Amino acid sequence: MVESTVGPHLSGLNPEQMEAARHFEGPILVLAGAGSGKTRVLTARVCQLIHEHGVPADHILAVTFTNKAAGEMRERISRLLDREPAGMWIGTFHAVGARLMRRHADRLGWDRTFSIFDADQALRLVKNVQDSLGLDPKRWSPKAIRAEISNAKNQLIDGATFAAENEGSFDLFVRNVARVYPEYEKALKQQNAFDFDDLLVKPVELFEAMPELLERYRERFSFVLVDEYQDTNRAQFRLVELLAGSHTNLMVVGDDDQSIYGWRGADIRNILDFEDSFPSARTVRLERNYRSTQTILDAANRVIEENVNRKGKTLRTERVGGEPITLVESFDENDEARWIVGEIEARMRGTPGMSYASVAVLYRTNAQSRALEDAFRREGIPYQIVGSVRFYERREIQDVLAYLRLISNPKDEIAFARVVNYPRRGVGLTTQEHLVRWASEQGLTLLEAAQRADEITALRAAGARGLMRFAELIQRFSVRASQTRVGELLEELVEDLDLVRHLYDEGPDGEDRARNVAELIAGAVDFEAASVNSVAEEDHDAFTDLDLYLQQVALVADVDRLDPNADTVTLMTLHNAKGLEFPLVFIAGVEEGLFPLGRAYDDPDSLEEERRLFYVGITRAEDKLAISWARQRRRAGDFNYNTLSSFVDAIPEELLQERKTKRLDLAAQSTPHQSRRRGYRSSSFDFDDEPEAEAESDAGMNQDTPRFVKGERVVHQTFGSGSVVEVSGFGRDLKVTVDFDEVGRKKLLLRYAGLEKDWP
């Protein structure tokens, strides 16, 4: 029975949300469909615990999916309570792990000022270990080895265990991973560093090794709440199990239909089997969607019903009807991109008050953004990309951060190697090799050895001077770091290095790089150490401003850098779109082999995950959804001839408005109409009577190959738009000379060029 009066934190909740928010003790699983207000339920539950049950805020732990979500949750709770939830821990699993290790890393043999290696730094370390073991990186991909190590860590398998289980494997690759993994772990410890996986694994290791410490945290966190539970892996599940296993006051909120991270270790069984792990659990389903029209939800429901491994729920809304879903068939990826751009422009003209920020274009793979970016640039439409070259991964930013990491953690050899000769100071590769050898013989860190470079007889005087100047610079700024705010420190460092001038000297890209460094400085100047929720308030004095700044930078996720205030179209992969919503959404490249990826057909679980990803894409749309596909698409340098994704077959035809691009209409005028449904091998050629290899073998002679004439406007995937100035040769040797608008004149062999007419 719902009371007639409720606090502001419960006001406006629907009956299912109210049931979840009012739950007090014991485990509860909240199956929250897309757009069903799960963040509101989480914040309401926290406020209910504090306001109605008198639970101190510092006895609550809330784990979120992104830093952005953590910030929003803290802000909402503060607003509803009319005060800060002082002492409450809110953050991502990685942030919570970092916070625990900042307190207790010394118990596992690390210094508390450890570095956090991102993916690039971890990969460099794997390469270094391979070199030391004599494993050729050209034959044994460091990225693949790093991925295998990451997968093992997420399964809580350490290096020694992995080596013991796999050193005799028939799989030579796995045997090599078994050699690299233990050495990689040793190298991390030697450099006082953790990789991202360690931020999940080490807290588990800490609690399992120290029961008394675990008991302290169990008493501290009387209530544990976990968002996006469907995306937890084995290590995350174990951490939650350890913390909540005694009192079982655990709320997990998630959607099994949105579990899309199996490829990086997430285990959907964690949510599917929650009641088995916690038999007394209550289950609440949130099925009322507050985001999308019923048309969009009907499509999403029908798509996801095809999956077998799911709890089962049906989204509904009060937004009856809605625009039909547009399904667009295009000639190729450039034609598809031009249609999307044209549709956005038409919507902007025809919809009062609409902004570019209302629009998102989603795709399965990052490579698909190229054609889209070209089309947006040509038409002057502003856009931002989430998940391409991330700001903190840009070369010039990584260089500056490497200096800061070395200043914070003198044992960080990856940072040392990156900047010891940047800007150039006469420390070449030979000098560095001598230094590494001598440091190893003397049992010194590279920075300690650099301070004593004049003792290394193998070094030339210039190299020794460069090393000693570098060590003196790092030492000087290490002293400054203990006394100075990070923004001021960074400004001084960039000025001392004369870095802006060096960047400008690099050429045309130098100005952009210098602007990026200026943006980094601006962010550092605005940095407030008190905002770093991944370090306990009482421990702030144990770390410098620089230590806390580096931790915040290391934990920034792609989606955290999405600027919601920018009036730009957002381009991103479907994985990055999770948790977001837009009035107008395009899902591009919905073709067999691309979405779902071809390899997914080898594994039913992978195919179901691909379908869940499509469901996530559909449910990002509030008012209008458009799905596009291309008959042919260049992938990895080759043309693929495509059919519409079988996922679309689940959407009832009455929900769809089918269209073709103008270019496709022109190309199809001389060919009979064919069904879009699965089974039709759609392409610009007729393959019904001949093998695919023969059809592709002689593009120069094929009657369907575009013919170009002097003066005609064309588009090239790399060079952009231009005008044909000459056509020469015959058959397979047919050549075209093009004056491109941006890169000048190029002579191209037509069968490899992939040129297309620049259709109006």
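In the predicted model, Gln384 stands opposite Thr570, a residue of strand β12. Strand β12 spans residues 569-573 and pairs with β11 in the parallel sense, over 4 bridges. Both strands belong to an open sheet of 7 strands, arranged in the order β11-β12-β10-β13-β14-β9-β17, with parallel pairing. The edges of this sheet are formed by β11 (383-386) and β17 (656-660), each of which pairs on one side only. On average, and with direction ignored, neighbouring strands of the sheet are turned by 20° against each other.

Helices lie across strands of this sheet. Helix α16, made up of residues 369-379, lies across β10 (359-363), β11 and β12. The angle at which α16 runs to β11 is about 165°. Helix α14 (residues 294-304) lies across β9 (325-330) and β14 (621-630).

When residues up to four places away in sequence are not counted, Asp399 touches Arg418, Val419 and Tyr422.

Helix α10 comprises residues 211-220, and its buried residues are Leu213, Leu214, Tyr217, Arg218 and Arg220. Viewed down the axis of α10, these buried residues fall within an arc of 160°, so they line one face of the helix. An α-helix has 3.6 residues a turn, so residues three or four places apart point the same way. Pro211 and Glu219, on the other side of α10, are exposed. The elements against which the buried residues of α10 pack are β3 (89-92), α4 (93-104), α9 (198-209) and α11 (234-244).

Two packed helices are described by the angle between their axes and the distance between the axes. The axes of α9 and α10 come within 5 Å and cross at roughly 110°. Because angles of 65 to 115 degrees count as roughly perpendicular, α9 is roughly perpendicular to α10. On the α9 side, the contact is made by Leu206, Phe207 and Ala209. On the α10 side, Pro211, Leu213, Leu214 and Tyr217 take part. Sorted by class, the contact has 7 nonpolar residues, with no polar and no charged residues.

Two residues were examined in the region of strands β18 to β20. His716 lies in strand β18, which consists of residues 713-716. Its relative accessibility is 10%, under the 20% cut-off, and His716 therefore counts as buried. Leaving aside neighbours within four places in sequence, His716 is in contact with Phe740, Leu748, Ala753 and Leu755. Gly729 is located in the loop that lies between β19 (720-728) and β20 (735-740). The relative accessible area of Gly729 is 34%, and this residue is partly exposed. Gly729 and Leu749 are 20 residues apart in sequence, and their C-alpha atoms are 9.4 Å apart in space.

Key. Residues are numbered from 1 along each chain as its sequence is written. This is a predicted model: local features need pLDDT of at least 70, side-chain atom pairs count only at pLDDT 80 or more; totals for chains, interfaces and linings use all residues. Side-chain values use heavy atoms; hydrogens and water are left out. Buried means under 20% relative accessible area, exposed over 50%, partly exposed in between (1.4 Å probe, protein chains only). The arc is that of the directions from the helix axis to the C-beta atoms. Contact means heavy atoms within 4.5 Å. Two strands pair if DSSP finds at least two bridges between them. Axes are lines fitted to C-alpha atoms, for helices over the stretch in contact, and angles run from 0 to 180 degrees between N-to-C directions. Angles under 35 degrees count as roughly parallel, over 145 as roughly antiparallel, 65 to 115 as roughly perpendicular and the rest as oblique. Ala, Val, Leu, Ile, Met, Phe, Trp, Tyr, Cys and Pro count as nonpolar, Asp, Glu, Lys and Arg as charged, and the others, Gly among them, as polar.
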